[in-house]
Each structure stands twice: as C-alpha cells, then as structure tokens.
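I opened this model to see how the chain is laid out, then went through a handful of residues one by one. My entries follow.

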Amino acid sequence: MNLSTRQLRAFVALAEEKHFTRAAQRCHLTQPAFSALIRTLEEAAGVRLFDRNTRRVELTVEGRVLESTAQRLLGELELAMEDLRDHAERRRGRVSVAALPSLAAGWLPGLLAQFHADHPGIVLQLRDALLDPCLDMVQSGEVDFAVAARRADMSGLDSAFLHADRYFLVCREDHALASQRQVRLRDVAQWPVIQLARGSSVRQRLDEALGAEAFTPLLEVEHLATVTGLVLAGMGISVVPAMTLFHFQRPELVIKPLQGRALTRPLYLVKRKGRGLSVAAQTFYDLLMAHRAGLA
C-alpha cells in the first residue's frame with residue numbers, strides 16, 4: 001500500500017479533531033475533497049479507520065493501530081525536511097577539501113576561517129597531501145574537491161583554473177646570487193640545488209618545464225620546512241613557487257624573482273566529472289573562486 005503525505009496528514013487531522021469540517025479546514029481542503037481523501041485511504045488499507053455518527057468521529061481499532069505510525073512518519077518527514085532546509089540555507093552540512101600542503105598552510109586558512117565564521121554549523125575537513133593523493137581522494141569521492149595542480153592522467157576529473165604560481169629563487173643572504181641584479185635559470189644550474197621529492201607538484205612542474213635542462217639536485221626532501229633548513233644551513237639554493245614562500249621569509253634568506261622565461265605552476269580547483277557538489281561544498285568552492293585574485 002502506498003500512502004501519500006496528504007492522506008497521512010488528513011488521517012491525523014481527523015483523528016485529532018474528530019470532526020470532518022474542522023479537520024478539512026485544518027488541511028485547507030473542502031469537505032468533499034477531504035472526505036474523498038479519507039475514503040481512498042480506507043480503500044487502500046482495506047479496513048474502516050473511523051466510526052462515524054452524526055455528532056462525532058472515532059478511530060476504529062485498526063485506526064488506532066495506524067495512528068501512532070502515521071504521527072511518527074509525519075514527524076520523521078518534518079525532521080528530514082527541516083534538515084534539508086538547513087542544508088539549503090547553509091546552516092548545516094559538510095565540506096571536505098584536499099589541498100597541496102603549501103596551499104593548505106598558506107592560502108586556505110584565512111578562507112576557511114571566513115567560511116566557518118559565516119557558516120558555523122557546517123563541518124569542515126581539510127586533507128593536506130601531495131598531488132597524486134589529493135587527486136585520488138577526489139576520484140574516490142573521499143573529498144568534495146581539491147585545490148591542486150593537474151597531472152598527466154586527469155581521467156574522471158574536471159578542473160577550473162585558479163592561478164599561475166610563479167617560481168622564485170631562495171638562497172642565503174651571503175650567497176653569490178643574492179647580490180646579483182638579475183638571476184636566470186642558467187645561473188641557478190651552476191650551484192647545488194635542494195629540491196622537493198618527485199611526488200610533489202612543485203618538483204613535477206619544475207621538471208616538466210625544464211625538460212632536459214632539469215636540475216640534478218644535491219638533496220631531495222619531502223617537506224618545504226626541510227628545504228628551508230637546508231638552505232639556511234648553506235647546503236644549497238632552491239627554486240620554489242610563490243605560494244610556498246612564507247616558509248622562506250627569514251632575515252638570513254633572500255627571495256629573488258627569476259628573469260627570462262616565465263616559470264609557473266598552474267593551480268586548479270578539481271572535482272569529479274559529471275558530479276554536482278552539495279550546497280555547502282559549492283558555497284566554499286565559489287568562495288575560493290571569488291578570492292583567487294588573492295593568490296597573486
């Protein structure tokens with residue numbers, strides 16, 4: 001038997017009012033339309049649900065069986081609709097985002113704080129990871145979207161361009177390149193270079209852009225904090241994109257733009273192809289797109 005919410009509401013109204021006219025008014029129906037609704041409900045149930053006389057309407061035994069269930073179902077439906085309204089009005093929900101470590105530590109915190117202040121009922125999850133794990137989490141549905149670079153295989157993924165993240169030289173203030181008026185990539189190649197491991201988007205984009213001219217690093221490490229420490233110790237210099245430079249803002253270090261051919265790491269918002277975002281996730285996605293100028 002298929003019950004409609006209109007039938008259940010009419011049934012509960014009549015059970016509580018015990019009067020057809022009052023129950024019909026409560027449901028904003030004419031009395032004939034209301035009576036027809038109750039009649040179709042009884043026909044679908046195969047039993048009488050109400051005993052009628054000239055003065056009162058009373059539930060039958062079978063009607064009392066349905067009463068508690070009908071009230072429970074309507075209560076659960078109302079709770080479900082209220083929950084949907086909360087999600088639609090951004091009072092509740094969940095947003096799960098993956099981001100490259102440099103973005104998770106540098107650009108995103110301020111925007112996450114702003115979003116949380118505007119929508120305190122929405123649960124936030126941030127997963128900081130290297131490029132491939134970031135995109136794998138999007139593909140598997142573990143996160144709503146990622147703030148990351150692209151990789152060779154973007155199957156099942158859509159990407160929206162955010163920013164071209166320009167590379168810079170970082171070195172100690174007493175290094176020969178620190179006082180050089182202009183620094184080019186060929187100048188960097190003459191010195192020991194500290195680089196991130198090949199799994200990082202910083203390294204992958206650098207190797208891709210340089211091709212056969214890619215640096216042979218003195219050391220490869222997993223974390224930018226380690227690169228900072230090694231450069232501070234005078235072990236070498238490094239070439240990193242602008243979004244990572246907050247790691248290197250130390251009095252003992254110099255940050256210099258690279259001259260000549262523009263070397264950048266394109267950044268994107270990446271989500272699953274053909275899948276829509278929840279209202280909460282779409283709201284945060286739109287916030288990031290609206291603030292992409294801040295990446296410069």
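I start with the terms for placing residues: helices (H or I, at least four residues) and strands (E, at least two) are DSSP runs, numbered from the N terminus. The model is predicted.

**Entry 1**

H28 sits in the loop between α2 and α3 (31-45). Its phi is near 60°, a positive value in a residue other than glycine. Is H28 buried or exposed? H28 counts as exposed, because its relative accessibility is 74% and the cut-off for exposed is over 50%.

I then went back to K18. This residue is in the loop between α1 (5-17) and α2 (20-26). K18 is not a glycine, yet it has a positive phi of about 55°. At 26% relative accessibility, I log K18 as partly exposed.

**Entry 2: E58**

K18 came up again when I checked E58. I found E58 in strand β2, residues 57-59. Which residues does E58 touch, not counting those up to four places away in sequence? They are K18, L49, F50 and D51. E58 counts as partly exposed, at 32% relative accessibility.

**Entry 3: R205**

Next I turned to helix α9, where R205 is placed. The helix spans 201-210. I set aside the neighbours of R205 within four places in sequence. That leaves contacts with Y167, T264, R265 and P266. R205 and L263 are 58 residues apart in sequence, and their C-alpha atoms are 9.0 Å apart in space. R205 is partly exposed, because its relative accessibility is 23% and buried requires under 20%.

**Entry 4: T216**

I followed the chain on from α9. T216 lies in the loop between α9 and β8 (219-221). With a relative accessible area of 73%, T216 is exposed.

**Entry 5: the whole chain**

I stepped back to the overall picture. The protein chain has 11 helices and 11 strands. How does the radius of gyration stand against the globule rule? A compact globule of 296 residues would be near 19 Å, but this chain has 32 Å. I noted the box too: along the principal axes, the C-alpha atoms fill roughly 105 × 35 × 25 Å.

Of the 296 residues, 42% are buried. Residues 24 or more positions apart account for 70% of them. The accessible surface comes to about 15,500 Å², and 51% of it belongs to carbon and sulfur atoms. For charges, I have 37 positive and 33 negative, with mean positions 4 Å apart.

**Entry 6: the UniProt record**

The unreviewed UniProt entry lists residues 95-117 and 224-246 under "transmembrane region". I compared both stretches with the model. Over residues 95-117, the chain is 65% helix and 22% strand. The end C-alpha atoms of that stretch are 14 Å apart. Over residues 224-246, I read 39% helix and 17% strand. There the end C-alpha atoms are 10 Å apart.

Technical notes: Residues are numbered from 1 along each chain as its sequence is written. This is a predicted model: local features need pLDDT of at least 70, side-chain atom pairs count only at pLDDT 80 or more; totals for chains, interfaces and linings use all residues. Side-chain values use heavy atoms; hydrogens and water are left out. The radius of gyration is taken over C-alpha atoms; the globule rule is 2.2 Å times the number of residues to the power 0.38. Buried means under 20% relative accessible area, exposed over 50%, partly exposed in between (1.4 Å probe, protein chains only). Contact means heavy atoms within 4.5 Å. Accessible areas come from the Shrake-Rupley method with a 1.4 Å probe; for residues, only the protein chains shown count as cover. Lys and Arg count as positive and Asp and Glu as negative; His and the chain ends are not counted. The place of a charge is taken as NZ of Lys, CZ of Arg, CG of Asp or CD of Glu. UniProt positions are given in the numbering used here, feature names are shortened, and annotations may be inferred rather than shown by experiment.
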